[in-house]
Amino acid sequence: MINQKEGKRRLSAFSGLMWKNNSAQIKTTLMYLIIFCLFFYIAPASWAKDSKSKSETAAQFVVQDLRVDDIPNDDGSGLQVSWKPLGPEKRIIEYRVYRGANPENLYFVGSVPVNPQTGFPGERVNYYDNGYNMFVDISSPAKQRKEAQQDKDSPLYRNIPRDLNIIGPMLKDYSILGVIPKDAFYYKTKMVERKIDNETNFYAGLRLDQFQSLLKKLIPNKPYYYTVIAVNESRVYYPYADIVEGIPRINDPELIRNFHSVYVEDKDQLQFEWTLPLNTDLLRNNNIFLVHDKDLNAYHEFNDEHNLIVQNRIDRFNDPDIEEIKATKKNPGSLILSTPFTTENTVSLKVEGNSIVDEKNGINVSFDSDKVDNYHFVFQLEDWYGGTSYSNIAKLMVTSSEHLPTVPNFTVADKPDDQGDYMCVFWEKPVVFLTNSSFLNKDKTKLTINYDFETNRNYKVRNIYFDIYDDEGALITSVNEFHPDLLFNITLPKKYSPDSPEYDINRKIAFEIRMKTAGEEVPADYVLKQEMQYDEDYRTFQPLELYMNGEKIEKVQDYSYVVYKKPYTSETFRFSTRSAGVMRQADDIVRYETTVYKGVGEFDLDKNLLLVDTSINAYYDKETKTTVNTDIYLSVVEHKIEKYTKEIKDAEAKLATVEDENEKAQLQAQINRYQGYLDTNNNEYFQEANSITNNKKRMKFLSKRREDELRHFQYRMVKTDGHAGFVETDIFHDEEGNDYFIPISNWFNKERIPTLIASLLFGFLVWFMIRRAKKGHDMYIRPIAGLQEIDNAIGRATEMGRPILFQPGLSGIGDVATLAGLSILGKVATKAAEYDTKIIVPVRDYIVMPIAQEIVKDAHYEAGRPDTYDKSSVFFITTDQFAFVAGVNGVMLREKCATCFYMGMYYAEALLMTETGNSIGAVQIAGSDAVTQIPFFITTCDYTLIGEELYGASAYLARDPMMIGNLKAVDVTKAIILVFLIVGTALSTAKITFLINIFPDK
Amino acid sequence: MKRQIPLALVIILCFLFVGHTFIPHKISDNFYQWWLSWVRTMTSFAVVLGVMSLFTVHWGKISRRMPNWQYSIVTLGALVFTSASGFIWGTQQGTPYMWLFKNVQMPMSSTMFSLLAFYIASAAYKAFRARSPEATVLLVSAIIVMIAQVPIGMAISKWIPEISNWILNVPNLAAKRGVALGVGLGGTAVSLKIMLGIERTYLGSGD
């Protein structure tokens, strides 16, 4: 053992020896470095890793009661993994979940983070493995790796790797969906041919890195294996729990809990509304049944039995020995509606002559409008596997058209000034409504009224006029909100004050609201009425119902405007957006196609490719209402044409010899199918496409129509109270009769016209002023003390023989302040080089660093002193804000800088640096555009360049006509802005708003 | 050429990005996004420059036994150790890297930040000495604003919070907006100087 003194002696002796030659010095340095690193490696690592109590065994850290259950009411792709969490004393930071299609190989699939101080806040931890979620993407590891801290027999691995040798065999264990960038699928695949039973199959092959990602979904009725590991805050992975099997099952659809039915008497119309289920993947039909009063009991019995059957099915999944319950009862309800499932959740049915008729579905159910109390309705969801679920029984509510909301008059148009991925849907006239109020004085007679308004692109609200009346109809005051700022003040008669002896809680203030708009004008008789009444709870006046042109809008926020859209390539509408009742417009996103989704089931290990099918939707045939497909390779199309022609010939020959009618029908169907393909490929469009022999050019041709059709939509709206009290609009047609709309990519943003004009004006002024400066006109620049003192400050450092510190701010090269700081650095460095004074430039941004080095180097060359340039005088410290300031302060103190320049963007660290500069008695000159830091600079520095002075510094120092012209242009522009400000303020004060309305809203 | 090519690139790209401000078209946006992805990629590679600079500067100090060269060993050691711990054990919660971050980096940063309170007091003392009419106005304004932030302000007079609000919202805001206006225009002018090739300091010598 060597004691401390002996150690020191030996070390100093060793160091002394090393001093003697250079190589020895390097060795010493390395030795110190190694000692330092070893110390830091061993200490924190051991502190971090040894925090667990030795007395506790690892087994105590295994999660208990791990269960894997099927997720109910889903499409058979969901499993719920759950377990009992460990206590907070175990300091668990994360539970890691592993899954595999066999118990020998389980991969990390996700984790549940936990606060180690509080533990997991619940009795069980749940992890849901459902739907399409990440299988492999660019962030997955390249090779299969065992999970950390696992022995060689452990079945646990990290994430599924990007290795086809591993992924390929796993494709059969999951339903895999490849997300392929559009261009990769259109133009960059490799055709792969495979012969199976004399049948040639064609695939599009893509390398793994060509996929954006691979998503996975569990396959119904297939077993999967799960385990969970608890990880403590020192990243100790505890033993995994016993591996548990789980099997996802296809279940009956989710129960619909909010089903409403309404009968609109005067229109003889039934209306229904329901909430959509969460999982809609496997749903096939929406059905509605009418249940007569007398059949209610029978329906309840049927429903009870149905629920038992559903439960029995679930129980039998877990225990096949349980006896199957068979249906004995029939639904006593009469089917009145059956439609393919869509994301629409309202439907209306016309009652025609005391019956509900749907000839297409063979429905004819009697309905006596005089006995509506006898009718009840049930909503049924039906999935593709025959599973069904029923809603609550909805009693028929009776109403009339006048109690329904008014039909919204809506318009659909391209959203302007965008890249063409939004349509704008807007409706009705602007609405202004009161929101709140608050008293301004002790007497409670002065009131601030808060209001809000919603409008759309047709109307730009300029003025809002409020006429305010008391309860006797006398006008209290009128307010003209010529610049709507959402509040105004009024003075009320004393009788409204809650402290007044005349106070009556039922007393109301009545508001009549009118408005003036730009764009389309609202009619003069368009008046909104709303009252306010004192509310004891809020202790102020609160708004009551809003009346819009006489129409009472009760709880205006309860109404919803729902926009539905139908793509050109489909026959069903789908949900687009839902807006609250006060809203007047909504944006509908219409995305460009950027990715193609393809099922991945095959792979080619030799070629290192994943294989997907080659087909693609080419266009939608409106006549047959079908999507017509083609292949991305022309050779595949030609192969199919040749093959089908031959198949038709063979089938026709066989048809002539066959006598069995069934076989004949089958052959005829086969001929029709093949002939359909040939006919399609004979149409004009495909003939043109197939005449292009180059696959890439052919796909370019096909993609144009395909993508165009995918982005064309029809629109319609529903205005609803959420309880089947709704009105529907027709499909929107524009003035030219078009009913399909596509957003347009705009070439100019009209909102920015004022910006463009200002920029051009500024550009012109710069050109004009530079021209004047070049002609020798005298351009006065006011003296800036900070810049005038630069020479003196550098001279002081020279005299004192101490260095200069220049700090070009904390932001990156993209910040104008940094650029301005660097231009000043050039001048300062040149002067410093001339005087042979050392300049130190610590930088925070590693991109700024080489630029600053170049500038300082250039300055030394310019001054004729290249020998004095030291590259390491411009150096990077760190990107961390406070570590950086500590570094700069350290440099200042050690080097005892005589002059400090701070030129650029600064944050909270500014004061720390300048106070340190102060403490060493340095002359300090700062320049910054950071408004919050300028006061600190002014206080602690000798000279400060405020805001734009920083930008003007280079012109001031260089006295170059180009620079000065630029500076003068800024001054003239400022003068113009000042004129606008003064005139605008004066006009606005006089309630003349045309000038401020010229400028766009912020 | 080492100067002309970067200058040409800067000028062309400046005009393209100014164009992008006014052109919302998909082609323009695609180009902009494509460019941003390059910027992100290049920026992350540029960290090598910073690390190289750190090594050069501190290795020079160590090898030349410059004053306080021992600190450079600490700096380089910390750099090597911190990055290695991140590479070896990862950066998740519970790793040595996070331990260092929580127990070394955070406290030291907080210490530096907390020093600010004392420096602000010192700066305030310097600023508020009533040596001139302007400084007196500053002193009075500061007292009102500070008192209005605490309950005692309201207790003294209900006008104090209102005056404080007025000071903050009228003269203070007007001055801030004035500076912001100048900064905006000055920034535009610098950008224009770069676009037109008048300002070239950022390019260095190119030799």
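In what order do the 4 strands of the open sheet in chain A stand, and is the pairing parallel or antiparallel?

Modeller: This is a predicted model, so read it with its limits: local features need pLDDT of at least 70, side-chain atom pairs count only at pLDDT 80 or more, and totals for chains, interfaces and linings use all residues. Residues are numbered from 1 along each chain as its sequence is written, while chains are lettered from A and ligands numbered from 1 in the order in which they are written.

The order is 9-10-40-39 in chain A, and the pairing is antiparallel. Strands here are DSSP runs of E, at least two residues long; helices are runs of H or I, at least four; both are numbered from the N terminus. Two strands pair if DSSP finds at least two bridges between them. Strand 9 (190–196) and strand 39 (602–604) of chain A are the edges; each has a single partner strand, so one side of each lacks a neighbour in the sheet. The twist averages 40° from one strand to the next. Axes for such angles are lines fitted to C-alpha atoms (for helices, over the stretch in contact), and angles run from 0 to 180 degrees between N-to-C directions.

Strand 9 of chain A meets strand 10 (residues 199–206) of chain A over 7 bridges, in the antiparallel sense. Within this pairing, Arg194(A) has Asn201(A) of strand 10 as its bridge partner.

A second open sheet has 3 strands in the order 24-25-37 (chain A), again with antiparallel pairing. Its edge strands are strand 24 (410–414) and strand 37 (585–589) of chain A, each pairing on one side only. Neighbouring strands are turned by 25° against each other on average, direction ignored. Strand 24 of chain A is joined by 5 bridges to strand 25 (residues 422–427) of chain A, and the two run antiparallel. Ala413(A) stands opposite Cys424(A) of strand 25.

Another pair is worth a look. Strand 2 (residues 79–84) and strand 5 (residues 125–129) of chain A run antiparallel, joined by 5 bridges. Gln80(A) has Tyr128(A) in strand 5 as its bridge partner. Strand 5 of chain A has two faces: Val125(A), Tyr127(A) and Asp129(A) are on the covered one, Asn126(A) and Tyr128(A) on the uncovered one.

Next, the cores. A nonpolar core is a set of buried Ala, Val, Leu, Ile, Met, Phe, Trp, Tyr and Cys residues joined through C-beta atoms within 7 Å. Buried means 20 or more other C-beta atoms within 10 Å of the residue's own, exposed 12 or fewer, partly exposed in between, with C-beta atoms placed from the backbone. The largest core has 91 residues; among those touching the most other members are Ile804(A), Leu825(A) and Val828(A). Helix 13 (residues 816–834) of chain A gives the most to this core, with 11 residues. Leaving aside neighbours within four places in sequence, Val828(A) contacts Ile790(A), Ile794(A), Phe806(A) and Phe901(A). Contact means C-beta atoms, placed from the backbone, within 7 Å. Apart from this core lies another, of 63 residues, including Trp83(A) and Val600(A).

Last, the contact between chains. It takes 82 residues from chain A and 67 residues from chain B. Helix 2 (residues 22–49) of chain A gives the most to the chain A side, with 13 residues.

Methods
Two residues are in contact if their C-beta atoms, placed from the backbone, lie within 7 Å.
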